Amino acid sequence: RPPRTWQRKLMDVTPSQFLERHIFPVLLPGLEEMLRTAKNTERRHCFNPVDYIVAYLYSNREQIHFEDILFVAQEWATNPRPPLPLSATLTEDEAAAIIQSFYRAYRVRCWPDVTQFREWQRGFRKEVKAIIKIQRFWRSRKTSS
């Protein structure tokens with residue numbers, strides 16, 4: 001059977017010629033557009049260049065959502081993509097609010113009366129668990145005899 005078109009092209013030229021003639025004319029404009037988009041993106045740490053290049057090459061400059069690409073949807077159906085980290089999904093205001101609330105909670109837990117209450121609560125929980133365990137033991141003894 002005759003080789004496919006791209007295989008024939010590979011056989012006729014050196015690897016560097018193949019890159020210059022067939023790969024770079026398609027890939028370089030995508031890389032340039034990706035860099036421009038990343039530069040104009042407000043939150044650069046959230047920008048995923050690999051996803052952008054795949055969507056760019058697949059859609060041939062049409063606006064497309066990554067999940068709408070058929071082979072991506074099929075791959076994610078069998079191997080789900082891990083969730084994005086919070087740093088990539090939160091706005092700066094949301095992240096600041098979370099950090100501030102955790103810091104305020106830490107500062108409150110450092111207060112002496114709160115620390116004393118938390119220690120008492122810890123001991124109380126141990127006592128309650130011990131009572132429940134003893135009650136279960138005696139119930140099991142009554143039912144077994």
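Which residues in α2 are buried? Select α2 and look for Phe-18, Gly-30, Met-34 and Ala-38, which are buried (under 20% relative accessible area; exposed is over 50% and partly exposed lies in between, with a 1.4 Å probe and protein chains only).

Before going on, note that this is a predicted model, in which local features need pLDDT of at least 70, side-chain atom pairs count only at pLDDT 80 or more, and totals for chains, interfaces and linings use all residues. Residues are numbered from 1 along each chain as its sequence is written, and side-chain values use heavy atoms, with hydrogens and water left out.

**Whole chain**

Show the chain as a cartoon. It has 7 helices and 0 strands (DSSP runs numbered from the N terminus: H or I of at least four residues for helices, E of at least two for strands). Of the 145 residues in the chain, 12% are buried. The accessible surface is about 12800 Å², and carbon and sulfur atoms account for 59% of that (Shrake-Rupley method, 1.4 Å probe; for residues, only the protein chains shown count as cover).

**Helix α2**

Select residues 15-40. This helix has 26 residues and spans 35 Å from first C-alpha to last, close to the 38 Å expected at 1.5 Å a residue (1.5 Å times one less than the number of residues). Centre on Ile-23, where α2 bends by about 55 degrees (the angle between axes fitted to the seven residues ending there and the seven starting there). Pro-25 follows within four residues.

**The core**

Next select Met-34, Ala-38, Phe-47, Tyr-52, Ile-53 and Tyr-56, the 6 residues of the largest nonpolar core (buried Ala, Val, Leu, Ile, Met, Phe, Trp, Tyr and Cys residues joined through side-chain atoms within 4.5 Å). α2 and α3 (49-59) each supply at least two residues of this core, and α3 gives the most, with 3 residues. Now pick Phe-47. Apart from neighbours within four places in sequence, Phe-47 is in contact with Met-34, Thr-37, Ala-38, Thr-41 and Tyr-52 (heavy atoms within 4.5 Å).

**Aromatic pairs**

Show the rings of Phe, Tyr and Trp. The structure holds 3 aromatic pairs (ring centres within 6.5 Å, using the six-membered ring of Trp; planes under 30 degrees apart are stacked, over 60 edge-to-face and the rest tilted). Trp-120 and Phe-124 have ring centres 5.3 Å apart and planes at 15 degrees, so this pair is stacked. Both residues lie in helix α7 (residues 112-144), 4 residues apart, about one turn of the helix. Phe-124 is partly exposed, at 42% relative accessible area.

Finish at Phe-137 and Trp-138, an edge-to-face pair with 5.2 Å between centres and 75 degrees between planes. Phe-137 is partly exposed, with a relative accessible area of 43%.
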